[in-house]
Structure formats: C-alpha cells, structure tokens
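Please look over the model below before reading the points. They are meant for someone who has not seen it before.

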Number of protein chains: 2
Amino acid sequence: VTTLYAEILAIGSELLLGGRTETNSLFLADQLAALGIPVRFKTVVGDHEEDIRQALQVAVSRAALVVMTGGLGPTTDDRTREAVAALTKRPLRRRPEAMNSMMQRLAQWGRTASPAQLRQARIPTGAVVLNNPVGSAPGFWVEWKRAVLVALPGVPIEAEQMFFHEVLPRLRQRYAEEPRSVLRPVTRHTFQTFGLPESEVEQRLEGVFKAGHKGIGLGLLASPRGVQVSLTGKGEMPQALLDAVRQRLRDWLFAEQDQTMEEVIGRLLTEHRLTLAVAESCTGGLIGHRLTQVAGSSAYLDRVVVCYSNQSKVELLSVPEQLIAQHGAVSEPVAAAMANGIRERSGTDLGLSVTGIAGPGGATETKPVGLVYVGLDGGAGEPVTKEFRFHGERDTIKQRASQAALDLLRRWLIGRNSR
Amino acid sequence: VTTLYAEILAIGSELLLGGRTETNSLFLADQLAALGIPVRFKTVVGDHEEDIRQALQVAVSRAALVVMTGGLGPTTDDRTREAVAALTKRPLRRRPEAMNSMMQRLAQWGRTASPAQLRQARIPTGAVVLNNPVGSAPGFWVEWKRAVLVALPGVPIEAEQMFFHEVLPRLRQRYAEEPRSVLRPVTRHTFQTFGLPESEVEQRLEGVFKAGHKGIGLGLLASPRGVQVSLTGKGEMPQALLDAVRQRLRDWLFAEQDQTMEEVIGRLLTEHRLTLAVAESCTGGLIGHRLTQVAGSSAYLDRVVVCYSNQSKVELLSVPEQLIAQHGAVSEPVAAAMANGIRERSGTDLGLSVTGIAGPGGATETKPVGLVYVGLDGGAGEPVTKEFRFHGERDTIKQRASQAALDLLRRWLIGRNSR
C-alpha cells in the first residue's frame, strides 16, 4: 500500500525568528491526518522569493500535496504568488473572481481596495481562486506535475476558514478515487497524567504493545502540568490497547484526548452538585483563571481570593495571626486554615487552598523555592493537606502548584465517588 | 558580501501532529541571529531515519551550519544518530567520553544506565561528543563536506544548556576567521501596542522608512494582548528610526522588546510606591495570575478577589445589592463599585476591577458576549470606568479584558506621572 503524503510550507520571515510560534501547521496537520493524508515534512521559510521557490521545489519532489500558508498579503514582501508563478512557469494575472470577492469583503468593512491590495488578486494562470471568507487576501489551488499546491493566507482564522470552505471539499473530490486503505485516517489517542515522572510513565508502559499493534507509535511529552502519553497510527485504535494503557496509568490518568484538568474538575463538581471556593497564594490567580476557562463554571465556582499579603489571609480567610507567626505563611497548618477559611466564608461545599514559594526570592533556610502546600476542606473532619517540592522557574512552579491543587481535588472527588 | 546561513532541523513525529508547538527552533534562531548567522530554512521531520537523512541532505546543500534537535533519546524510535551516520558514512561507535558523562549524570540521580540508554553513547565516528549538562543524552558535532552538523536533544532545557556550554564556544572558534561584515548580528527591535487595530498601526507607520533604512524589515503581529511591531535587520538599528516609530505609536505603545504589560505595571507601581488590589469577575483570576508572574510582585499587590457570584460581590466588595438589581452585574456602576470596594476593603492605594461576559453563555438582549467594563479607583474622586465590546472566544475575551484593565491602570499611572 502506498501512502499519500502532504508537506506544509509556512512562509514568513517572522516565523524564523524567536518570539513567534506558528500554529497553522498544527491545525493543518490534524485536518490532513483526519483525511488520511499524513504530513511528512514541514518547512518554514522567510519572505524571499528564491527561498520559497527552492523549498517548494523540494516539497513537490517528495509529496503529493503541498499546503502553503502566508505570503499572500498586500505588501511587497509577500512573495508566495511570485514564487509559485516562477516555479510552475504560470505568470500572474489579475483575476476577476479574485477581485470581486476582495472588493465585496472590503466594502463590508466600508473600505475600498488600495493599490497595494490589488496585488492580492494576481493569481498564477490556470490556478483555481480560493475565496477568503473572513479576510481580503484570496488563496489559490494549482496542480503541477503530479502534485497539488494550495496557497492559504497566514492569519490563522483566515487559513482555517479557507481550508474548511474551499480546500476540504476539493481535497475530498480530488482523492475520491484513491483506495480506502490509502485514505485510512491517522488516529491519535492521548492520555493525560499527573504525578509521575516521565521515566516512570515509560516504565509502566513497557511491553504494553502486543503483536497486532504494529505501526502504532507511542509518544511521551512532559510539561509542568504532567506527562502526556500519545498513541498514533492509521485506522482505529485497538480497544484492548487503550484499556491496557488505562490500567497501567491507574489514577495518575486524569483525562483523555484534549480534556483539561479544569474540565474534569468541572464535570465532577457538576455531577456531585458541589460548589467550590479557592484561596490562592503563590499561584496568584492561576487556579481561578484555569477553572474559569470552562464555560459554565459560574455554576459551581463561587469565588477565588488571592491572598498575597499575610494581612489579607487574616482578613479574608480568618487564618489566625498566631498560626502564621508560629509556622510561617508557607506551612501545612496555614494551608489547612486557608482551605477551611475560604469554605466557611463563602458557604460553599468545598474549599481549596495553595500556599508556597514561587521564587526566585522568598526562600528561607528551611523553606526553599518550590515548597508548596495544598489544602482541601470538604466540610467533614480536618482539611486534607499535601506537601510538594517543585523545581523550576517561577512560572513552572505556579503551573505545577495549580495542577497539584486541582489534582488533589480530583482525587478527593473520585474517592467520594467510590464510597 | 556572502552570508553564512544556518538551517534548523527539528526531529520528532509528535512535532508533525497538532497539539504540540516546537520552541527549540525559536530559541536557536535568536541565538544564531545574535551570532550573525541568520536562519534561512527550518524543517520539521518525523522519527523516520530515511526522512531525517533526506532532510539533512537538502539542508547541507544550502546551509553552512545545520542544527538538529531531537531524536537522541534511548528508545528505538530515536533515529538522529543513525540518519547522520548513514548520510556521512561514519558508522556509530560507543564512545567512552559519552559513556562517562552519561553514567555520571545517572549516578547523580541514583540510577544506572539501562540497556536502552547505552544506545545514547553511540556517536558517529569522527564526531565531537557534546556533553549534556542536565540530561543523560549526549549530543555531537560533526563536520561534513563544507557544513557543520550539530545534534542537540529535543528537551528544551537540555538543548538550551548544551547550546550555551558546548556549541556556542565552538561556533565562535569555528567562524572566528570570517570577516566581521559577515558576522554582523541580526538585531530585532519590538514595540508592544494595545488599543489599535492592526490596520491602523500599519497606517500610522506608513512612510516611516527613509533612505538609509534599506534592509530593515517591518513585521506586525496581532494577538488578543495587542499588536506587536518588529523591526529586523543586520547591524544596529538606527536610533532615528526607533524614535520615529515611538512617536507614531504614541501612548498606544506600552512596552518595548520582550517586556510585558504586567512588568510595566510593576515598574510604575514601584516607582510611585503605590499598592494595588484587584477585583475580577469575567477574567476569573487571569489579572492576578499575570501580575504575579512578575518576581517581587508581593511588594505592591496586596490581594485579588474573583467574585463570580453576585453574593460574593456584595460580601467581599460591599457592592450594594440594589445596584446589581438595578443595573445588572455587568455594568458601569458595578465596575465602579467593585473598584471602590476592593480598594477600601484592602486599604491599598489603588483598586482595579473588571466585570463582563466572557461567553459563550450569559448574554442578554442588551448585553452581548464580549461586553466588558473596567473600573479604577485611585482614591480621589469618582472611580474611572471604561466600556469595551470585544469579539472572540471565551479565552480571547478574557485575555483582551485583562489587557484592557491593565492598560487603563498604566495610562492612569502615566498621567499621574506627568502632573
């Protein structure tokens, strides 16, 4: 069985410099994989006609489909049109269909086309013009030798919309004749874990692949929010393999696919009809920000207080001053008192707290940067607390601490479930 | 003048799928640009020996320096070593210097090398072994034909540390003989703006380039936190150009280079010796999270409260219940009352507030998703408020709202400055 491969060419000098991550290729890779056309190479090139031409030539020599993004704008440093024209020897002509849709779009915004924008309607001869549903720059689709070349704008929302409306239907039609074995979609299943180092996750998964799982790739990706395990292969993932992975990851597995910890928490709180209030210190609002990323979180999240000063811990959470004086603000008893204080003050079912040292300053002889205490008050008995010692920069420690707090809450909610 | 070019080859199947952004190449491009070696192409390829070999061959044909990242780990899908050996015809041999440093590293962690890890010490004959200061996988440097090939690990912190300790000194030595005109560093100056659409920023900058600014590129990048303007060119940026850009961007310019809005706020509050408390609603803690990303923010940030429920607005901020009943929680009077309430309750100099509808739910006939009010109480006279109507998804609206609130505070602090 031969395979159809795609290649992505992202065009733009800013993509070759630091400070800018390119997201179009991630979206396109996912979309193409779902169609059964895996991406084998991805190239980033600056706004130089000769470099774009060279990269295109290499791409066409090894892929059946080349999707370009960027370099279609109105300014003179947008060179994608020229590079394609030079490579395919199909001169640029101003095309009425490109003009019309561009004028319409600009008219909607109450504007007319500037001379620079007229450049955007110049399209290689013989190419199909792709309408831009959200911006002014048209794209195009041109077949050359045995390859299909597609040019999309660089602005993510424009690339996405043009892909869905103009490219996807044409790809389906173009490859409709291919045997089904070729176009079997690439599937990917991801497992999100927290609490185990990468090496231990790997050990746990050792030998999980059996005969019959050939061609399925395993990937591990560590971040401050945990280790992600991914399985990738053509066709459907074997259920037995998914189950085996689940079993080995046990309750370190908090979510599958793209679900986030905050979404899991939202689902569990909703199921149990419980309300939550949070008292943060070193995480500075990150837990609140994460919980409120979930649409509808106002149904279970009552409030969050970020108590950076000791005084605010006393005032807003009724943490006894003497407790802070005796144990310090970063301590197990203070974490417990914060969880209890926020729960009682808010009248919610649950109170979650975090106190710690995010660094780089604030460490003492006995309390290093990265020391974090998490507390949870469920209303019956003493609050649960847990100590963590994290490493890394300020943001890394904040991220890990927020995940640790939400994971403690998740485990408590699951435990409650099984009682 | 000929130019030395570099090419980056990022290796890893996970980099070709969605959900994963690759950051090593951004770091490397910046470092190489500072050395005067611009990156001209960047290629991403999966963990397939033949694909890596092909990509390497193309890279070597057009660049003097090829930096690879990834594919050096212990598992059998790490194929960078094999691909380089196949291309250069220099067979892999287990190298004592690679073994020693790997064993030392593992011993520090109280571990010994697994059979799989021993693969990591197999390095192409004639290559220089690059020590890994933070992980177990060694890298290598090999010269082939007229190019230098450098292989670094994929884990960002390992790639960075190995680059600084092992690669940078060797690059300096290797290219010491090149004329200075070749190695003139690429410099980049960025300006961060908020409050103007991209097209208006572009209009304001029209004609800012004069004769003598040839070879300097202008880039615009829009995000929910504003529009970034960048100038890129070889050698020093002309001061007159930087000043002209500053003048045209006026007070929409809030920071330059990598400085963030939260860092600007931190600097201004520190300069004015003012303390701050924040009351958030729709931003859910994001403002607190951002302010506390700045080390030392505990000196001026007293507390943040996220009042998701109306009750919490009444209890924690003394917002009159009747005011909410009359105008709704998302309204100018409530934003003002929140700012005043948090300032008075905390005893800080300043109180900042946000209330709005982040969506997708919560809209009414008169109040659409994206309607946001920001309030600021400086202690004298009525609080300042401002209305915004944002578009986008929940996270986009949260990001824009947080930036709008911080920008209002910034403008107030600057105004105070000039009085």
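1. Basis. This is a predicted model, in which local features need pLDDT of at least 70 and side-chain atom pairs count only at pLDDT 80 or more, while totals for chains, interfaces and linings use all residues. Residues are numbered from 1 along each chain as its sequence is written, chains are lettered from A and ligands numbered from 1 in the order in which they are written, and side-chain values use heavy atoms, with hydrogens and water left out.

2. Chain A overall. Chain A has 14 helices and 17 strands (DSSP runs numbered from the N terminus, H or I of at least four residues for helices and E of at least two for strands). Its C-alpha trace spans about 80 × 60 × 40 Å along the principal axes. Of the 419 residues in chain A, 57% are buried (under 20% relative accessible area, with exposed over 50% and partly exposed in between, using a 1.4 Å probe and protein chains only).

3. H1 and H6 of chain B. Helix H1 (residues 24–35) packs against helix H6 (residues 156–174) at an angle of about 20°, their axes 11 Å apart (axes are lines fitted to C-alpha atoms, for helices over the stretch in contact, and angles run from 0 to 180 degrees between N-to-C directions). H1(B) is therefore roughly parallel to H6(B) (angles under 35 degrees count as roughly parallel, over 145 as roughly antiparallel, 65 to 115 as roughly perpendicular and the rest as oblique). Their contact residues divide into 10 nonpolar, 2 polar and 2 charged (Ala, Val, Leu, Ile, Met, Phe, Trp, Tyr, Cys and Pro are nonpolar, Asp, Glu, Lys and Arg charged, and the others, Gly among them, polar).

4. H2 and H3 of chain B. Helix H2 (residues 49–62) and helix H3 (residues 80–88) have axes 8 Å apart and pack at about 55°, so H2(B) and H3(B) are oblique to each other. The residues of this contact comprise 6 nonpolar, 2 polar and 3 charged.

5. H8 of chain B. Which residues of helix H8 (residues 239–249) are buried? They are B:Leu241, B:Leu242, B:Val245 and B:Leu249. Seen down the axis, these fall within an arc of 100°, so they line one face of H8(B) (the arc is that of the directions from the helix axis to the C-beta atoms). The face turned away from the buried side carries the exposed residues B:Gln239, B:Ala240 and B:Gln247. After H8(B) comes B:Arg250, with a positive phi near 45°.
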